[in-house]
Amino acid sequence: ILVSANSSEHLAKMANQIVMNISETSPEAKIASAANHIDKFWSPLMKKQIAEYIAEGGEILSPEATAALEKLPA
């Protein structure tokens, strides 16, 4: 599988959409729910790519998506 900057941006957009589409009311609950969803449904490669994207600055990630991704087990 090829890993490119474009696919990292796509993952970032997906993470932002996941957070936006969660109906939890408190920011903490929204972040926890998004982290759970991503942990459950994303492949190890996707999680590795997004972690690298965050390490490089994660420019297009929303603060909530970044917080959710940072909750994932290492």
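Modeller: Let's begin with how the chain meets itself: counting contacts between residues at least 6 apart in sequence, 67% join residues at least 24 apart. Keep in mind that this is a predicted model.

Now for the core itself. The largest nonpolar core holds 18 residues, and those with the most contacts inside it are Ala-15, Ile-38, Trp-42, Ile-50, Leu-61 and Leu-69. At least two core residues come from each of helix H1 (5–20), helix H2 (27–41), helix H3 (44–55) and helix H4 (63–70). H1 gives the largest share, five residues. In soluble globular proteins, nonpolar side chains tend to be buried together.

Let's zoom in on Leu-61. If we set aside its neighbours within four places in sequence, Leu-61 is in contact with Ala-12, Ala-15, Asn-16, Tyr-53, Ile-54, Thr-66 and Leu-69. Two of these partners, Ala-15 and Leu-69, are also among the residues with the most contacts inside the core.

Stepping back, buried residues make up 34% of the 74 residues in the protein chain. The C-alpha trace spans about 35 × 20 × 20 Å along its principal axes. The radius of gyration is 11 Å, which agrees with a compact globule, because a globule of 74 residues would have a value near 11 Å.

Technical notes
Residues numbered from 1 in each chain as written. Predicted model: local features only at pLDDT ≥ 70, side-chain atom pairs only at ≥ 80, totals over all residues. Heavy atoms only, no water. Core = buried A, V, L, I, M, F, W, Y, C linked by side-chain atoms within 4.5 Å. Buried < 20%, exposed > 50% of the residue type's maximum accessible area, 1.4 Å probe, protein only. Helix = DSSP H or I, 4+ residues; strand = E, 2+ residues; numbered from the N terminus. Contact = heavy atoms within 4.5 Å. Rg over C-alpha atoms; globule rule 2.2 N^0.38 Å.
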